[in-house]
Each structure stands twice: as structure tokens, then as C-alpha cells.
Amino acid sequence: MKILVGIKRVIDYNVRVQINRDGTDVVKEGVKMSINPFDEIAVEQALRLREAGVAEEVVVVSIGPGAAQQQLRTALAMGADRATLVETEAEVQPLAAARALLKLVESEDPGMVLLGKQAIDDDANQVGQMLAAMWDKPQATFISGLEVSGDTARAVREVDAGLETIQVSLPAVITVDLRLNEPRFVKMPDIMKAKRKPLETIGLDSLGIEMPPQLENLGCQPPPARTGGTKVDSVADLVAALKDKGVL
Amino acid sequence: MARVLLLAEHDGNTLSVSTARSLRCAADLGDVDVAVFGDNTETVAGMAAALEGAGRVLRIDRPENARPVAAIIAPQLAELAADYDVVLAPSSTYGKDILPRTAATLGVPQISDIMEIVDSRTFRRPVYAGNVITTVRVPEGCTIVGTVRIASFAAAGERASPAPVESVVLDTDVPSHTTWVGLEASGGDRPDLQSASRVVAGGRGLGSEENFEMIFRLADRLGAAVGASRAAVDAGYVPNDMQVGQTGKIIAPDLYIAVGISGAIQHMTGIKDAGVIVAINRDAEAPIFEAADIGLVGDLFQLLPELEKALEG
């Protein structure tokens, strides 16, 4: 089985994001960029499935600017076999990303598509579900456990009510949650080796997809601040303050 | 008035509070029909019909709808959507699973986590873990499809007399490639973390799984649900479905008591909309105090038993 993994280049998880001066977007220049952490977990899961003999090949793909080659190289250094960048400088919202992925899925014919459940920049949580709909295949979203046997997969999903288990036939789209695994660290020799692995770049325009309507961005603002209140000195004062606020 | 379709969330017996909260948002956009998918939705449809803002309740009963499988519900929702200007669902794991699948079928973008309505096509939503709020407009000609950030809206009240309930028969083809196997529910007899009006949460300051019992005891005293910081979950004190924060649950209880939690941004994102936030922490400089309405600095191992005792009386 071939596994296709989608990764997105995003502002690193440790960066404190700043809104730009005209309030149109966040500052992206001179800021550390990384693989979306959820997508990194998807890459790790694909590699584990290959190491367990379930998959033979792991292909990583990204849709984004030319610089996203860096993130694809990182995924190759983790152990992916080859990479494809669908290059565009334009903003690609989830529906457009899903249409682009569908094109790649149609040509690669994978047995499984692994994606992060959401990207930590737009926090949309849509691409996997949209791809599954258009591909007309099952989806298992927000998973924290995965077992593959033959042409079915059993997935444990992190839902609000607890842990839900579903079984899907393959091929399927699977989106991963934080606790599925801990991605491996990349070692220096692997980085060197990754430089020789195949990385293909194709223009988004050349995929021949119909660009869908996108949401119009009207600007950014900081969240409403929550100002701290008072400190109390004792448990008795705390209980009194709670009664005063009418929550006890 | 715009015609609005709201996807109701339920477990077969009870309507989720996420439905009542989303309804408050939906009713501000137009006349709302609430769609209830299940195999026997009489009870939950009745609950939906009792909510203020529900114009009609649509029951879509068929055996395949017995479980919340996105690949089965999404195409039916897409078929119903043809008659509506707006399609909404709660931004719970239920809504997040289903709605993008419907949006893709309709060929329109989705707004995730609507926290504020600016005008009939313009909405505010959080990005970057809630550290930035963005304003987006849905292009003309597109059905507006969005999930509603539950914590941003109060629950709809009760109607004087119930809304009409109608059964809808859809002959949408649904796939058989997905089988629902089971649900391991969390929490036991305690209130559900997502919808509880009081929550007591513990962090790394508790130090061990055994000490975390103190949090459960205080919660039981208050009739509260129990939550935890990511640090406490990662340290193995409690299971991960109790995690509150950007990568866990985003909640809005009337009272939130954070014990031994430092208040990382990740965590604060999950409790921003709580009514009263109480922080109990040894470190007076902990960031949690910047957002807490009431702070108490001290050793939790001394303060918690004291608090438990004070609440007895």
C-alpha cells in the first residue's frame, strides 16, 4: 500500500504571532516556519505503518510557496520516500487544498491519505473531511489510535464524549490528533540522505482544478483581553468572593 | 429573512447543549429549522422543539442514522441544504466531523468556529489558537456554511409552546464503508466537561495521579466536572479526554477553578469565555493570575482541604 501524507508549512508552534501594522494579516516575514505539528504526527504514523510492513511507500505532499520545500525535506529526512510540492504563492483555503489533493490522489492512487486534523495557523479543521467527500471515501477524523488489517482500518477517535471506535474500508482519509504518536527526531545523516530523495515541484495552475470560491479576509484583530481581578488572602475570603459573585 | 438549517447534536436520548448554544447564533441569521438525524429521534426532536428560536424541527429517521457517522449524515445534510441560505452545526467534534464534508459536496467554503456575527455574510472567528481574531465574508452566491463556536453563545431559552416537528424522508444514497464500533465514555457520573456549569481543573502542581484525587473530591463537593491542563495529562495523572485548552476542550462554565495550573496560552485559550475564573497556585507570578478573577496564592495541599471543609458548612 502507498500512503499519501499532506503537510502544511506554518508559523512554528513556539512563535508568538503578531498582527501586522495594517491589520490585514499576521507577520510572517523573518518568523520561524515548520511543518504543522498535526501533520508531523501524520508523517510519523505513515512511517510506522511502513516499518510495520503495512505500507511500502510514503509520499509527502504540500501545497504552498516554494519555500515549503524545506518542510518537505524535513519529512523526507524523517523517512518519507519522495515528495511533491504543489507550488503557489496565492492563499489556498481548505476547499481549494482539498481539490488539489484530490488531483494528486487520483494520480497516485494511495491506499490511505493521512493528514493532521487541523493546521495551527487557520485552525480550520476541514481539508481531510472535504477530500474524503469529493473522493467519495470513508473518513476517520481526530484519531488517537489506528490498526490496519488487510483492507480495513480500525480507528479510535477523540470525540467530546470520550473515545469512539470506527472501522473503515480502505482507501480512506485519516486525520490525526495530537496523542496518536510522538514524531521522531531527525538525525544529521538523515538530513544529508534526504537531499538526494526525489522532490517534484508542480504549479497549482497546471493541476487543472477549478478554483472554488474562497472566504474574503477583511482583517485581523487581537482577541478581547481578559483582565485579572483581585487576589484574596485566605480560603474564607475566596468563598466569600465566590458567594459575592453569585457562583456559589 | 434568510432560511437557516441547524444540525442538532444528540446522543439518542438527550439533546446536547451545543445545539441550544448554536441555535442562539442561528436565530440571529434568520428563520431556523433544526435537523435531527437518528433512528428514532422522537425524544430529542421534542427537546429541540422546546427551544426558543427553533421555527421547525425536522426528523430524519432511518436505521443508518443511528450512529453519528459523518460519511452517512453529511450527504443527507447536503441534500436538505438545497432549500436553505445558511447551514450551521455546533463546532463540537460531531459538527467538525460532518459539516466540512457537506460544504465540499455543496462546493462552498466553510467558516469554522463562528464566534460573532458581523452582518448576514460576515463573521469573526479565532485563528492561531485564539491569539488572533479574523473577520471573513462569504462570497455572494454561496450558501453560508459554518460551525458555531459553542463557548461564544449562551444557550437558547425555552419556548412558550413547542415548535412543529415534521418527519422528512430522504432517499439519499448513503455509503456502507464505515462501521461504528463503540464509544468509551469518559467522566462516569460527573457532569460532562463540555457542558458543565462548574469545572474544577488540576495541573502539574498536583504532582501525582494519587494527589489528583483531591481535584475529584472538590469537584464532587461542588457538583462540578473535572478538567486538567495538558501538563497534567502528559504527566499521566488523568486521561487525555479531560484536557482543557486549545488542543483539548474549549469550555465556558460559569465557574472555573484552576488548581496548580500555571496558565500557558494553550490552556487559557480553552477557558477564555468562562464566567468566573479562580486560580489557586503557589507561584504568585504564574500567568494564570493575569486572567483569573479571583486568585489565591499558596500551597494547594493546604488550601484544597481547607476549601473542601469550608464548602461543607
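Modeller: Here is a look at the core, then the domains, then the strands. Keep in mind that this is a predicted model.

Let's start with the core. The largest nonpolar core has 181 residues, and A35(B) and A48(B) touch the most other members. Helix α3 of chain B, residues 70-81, supplies the largest share of this core, with nine residues. Domain 1 (2-167) and domain 2 (198-312) of chain B each give residues to the core, so the core lies between them.

Now zoom in on A35(B). If you skip its neighbours within four places in sequence, A35(B) is in contact with L5(B), L6(B), L7(B) and A8(B), and also with L58(B), I60(B), L77(B) and L80(B).

Next, the two domains themselves. The domain assignment of chain B gives domain 1 as 2-167 and domain 2 as 198-312. Taken over C-alpha atoms, their centres are 31 Å apart. Where they meet, five residues of domain 1 of chain B are in contact with nine residues of domain 2 of chain B. On the domain 1 side of that meeting place you'll find two nonpolar residues, three polar ones and no charged ones.

On to the strands. An open sheet of 10 strands, with mixed pairing, runs in the order β11(A)-β5(A)-β4(A)-β1(A)-β6(A)-β10(A)-β7(A)-β8(A)-β9(A)-β11(B). At its edges stand β11 (199-203) of chain A and β11 (178-185) of chain B; each has a single partner strand, so one side of each is left without a neighbour in the sheet. On average, and ignoring direction, neighbouring strands of this sheet are turned by 30° against each other.

Pick out one pair inside that sheet: strand β1 of chain A (residues 2-7) and strand β4 of chain A (residues 57-64) pair in the parallel sense over six bridges. I3(A), for instance, has V58(A) in β4(A) as its bridge partner.

There is also pairing across the two chains elsewhere. Strand β13 of chain A (residues 230-232) pairs in the parallel sense with strand β16 of chain B (residues 294-297), over three bridges. Strand β15 of chain B (residues 276-281) pairs with β16(B) in the parallel sense too, over four bridges. Look at I294(B) to see how these meet: in β16(B), I294(B) is the bridge partner of T230(A), and I294(B) is also the bridge partner of V278(B).

Conventions:
Residues are numbered from 1 along each chain as its sequence is written. Chains are lettered from A and ligands numbered from 1 in the order in which they are written. This is a predicted model: local features need pLDDT of at least 70, side-chain atom pairs count only at pLDDT 80 or more; totals for chains, interfaces and linings use all residues. A nonpolar core is a set of buried Ala, Val, Leu, Ile, Met, Phe, Trp, Tyr and Cys residues joined through C-beta atoms within 7 Å. A residue is buried if 20 or more other C-beta atoms lie within 10 Å of its own, exposed if 12 or fewer, and partly exposed in between; C-beta atoms are placed from the backbone. Helices (H or I, at least four residues) and strands (E, at least two) are DSSP runs, numbered from the N terminus. Domain bounds come from an automatic or database domain assignment. Two residues are in contact if their C-beta atoms, placed from the backbone, lie within 7 Å. Ala, Val, Leu, Ile, Met, Phe, Trp, Tyr, Cys and Pro count as nonpolar, Asp, Glu, Lys and Arg as charged, and the others, Gly among them, as polar. Two strands pair if DSSP finds at least two bridges between them. Axes are lines fitted to C-alpha atoms, for helices over the stretch in contact, and angles run from 0 to 180 degrees between N-to-C directions.
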